[in-house]
Amino acid sequence: MYVAMTRTKNKTFLVTPQYGESEFIRELRVDSEIKNFEFENFVVNNPSCPHCKTGRLIIRKNDSSGIEFVGCTHDPACNYTCNQVSIISNPKRCPSCGGYMVARQGTYGFFYGCTNYPKCTQTEKKNYEV
């Protein structure tokens, strides 16, 4: 296992307890260039999927166009997608339907609108530009 983890050409992730990690993990930290990632950067803290309610939203990239979008971690079982990647950093829930409110610009200026539009027409006033 040590050889496979230290020789891979891809990324390898080890999940360990925050406290009381094994001697094996301590040796790996000393002998190799293992980087620590903070817990807040993991998917478990991402907003929940408004469609299936159990998945988490993650940023994905379209293979052909390279455009980023948000999708559910339960894909393909849940096919929820949204082109508003701001949901990840600013998850403001829609009070009407449980979708997400995202910044939009309309005829009368900037506002928050629901990602489930046109099924949900909930809006909120926004006083500054995006």
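Modeller: Contact here means heavy atoms within 4.5 Å. Keep in mind that the model is predicted.

Biologist: What is Leu57 in contact with, leaving aside its neighbours within four places in sequence?

Modeller: The list includes Asn46, Pro47, Ser48, Cys49 and Pro50. Leu57 is also in contact with Val70, Gly71, Cys72, Tyr80, Ile87, Ile88 and Tyr100.

Biologist: What makes Leu57 part of the largest nonpolar core?

Modeller: A core residue must be a buried one of the listed types, Leu among them, joined to the others through side-chain atoms within 4.5 Å. Buried means under 20% relative accessible area. Leu57 is one of the ten residues in the largest core, together with Cys49, Val70, Cys72, Cys78, Tyr80, Cys82, Ile87, Tyr100 and Val102. Strand S2 (68-72) and strand S5 (100-106) each give two or more residues to this core. A second, separate core has five residues, including Cys94, Met101, Cys114 and Cys120.

Biologist: How many salt bridges does the structure hold?

Modeller: There are two.

Biologist: Why is the pair Arg60 and Asp75 called a salt bridge?

Modeller: The term needs a side-chain nitrogen of Lys or Arg within 4 Å of a carboxyl oxygen of Asp or Glu. In this pair the closest N and O atoms are 3.1 Å apart, so the pair qualifies. Arg60 lies in strand S1 (residues 57-61) and Asp75 in the loop between S2 and strand S3 (81-82), so the bridge ties together parts that are 15 residues apart in sequence.

Biologist: What makes Glu124 and Lys92 a salt bridge?

Modeller: Their closest N and O atoms are 3.1 Å apart, and the cut-off is 4 Å, so the term applies. Glu124 is in strand S7 (residues 123-125) and Lys92 in strand S4 (residues 92-93), 32 residues apart. Glu124 has 25% relative accessibility and so counts as partly exposed. Lys92, at 29%, therefore also counts as partly exposed.

Biologist: How do you know that S1 and S2 pair?

Modeller: Pairing needs at least two bridges. Five bridges join S1 to S2, so they pair, and they run antiparallel. Within this pairing, Arg60 stands opposite Phe69 in S2. The open sheet has three strands in the order S1-S2-S3.

Biologist: Why are S1 and S3 called edge strands?

Modeller: Each of them pairs on one side only.

Biologist: What makes the phi of Lys53 worth a remark?

Modeller: Most residues other than glycine have a negative phi. Lys53 has a positive value, near 70°. Lys53 lies in the loop between helix H2 (23-31) and S1. Its relative accessible area is 55%, and exposed means over 50%, so Lys53 is exposed.

Definitions and conventions: Residues numbered from 1 in each chain as written. Predicted model: local features only at pLDDT ≥ 70, side-chain atom pairs only at ≥ 80, totals over all residues. Heavy atoms only, no water. Buried < 20%, exposed > 50% of the residue type's maximum accessible area, 1.4 Å probe, protein only. Helix = DSSP H or I, 4+ residues; strand = E, 2+ residues; numbered from the N terminus.
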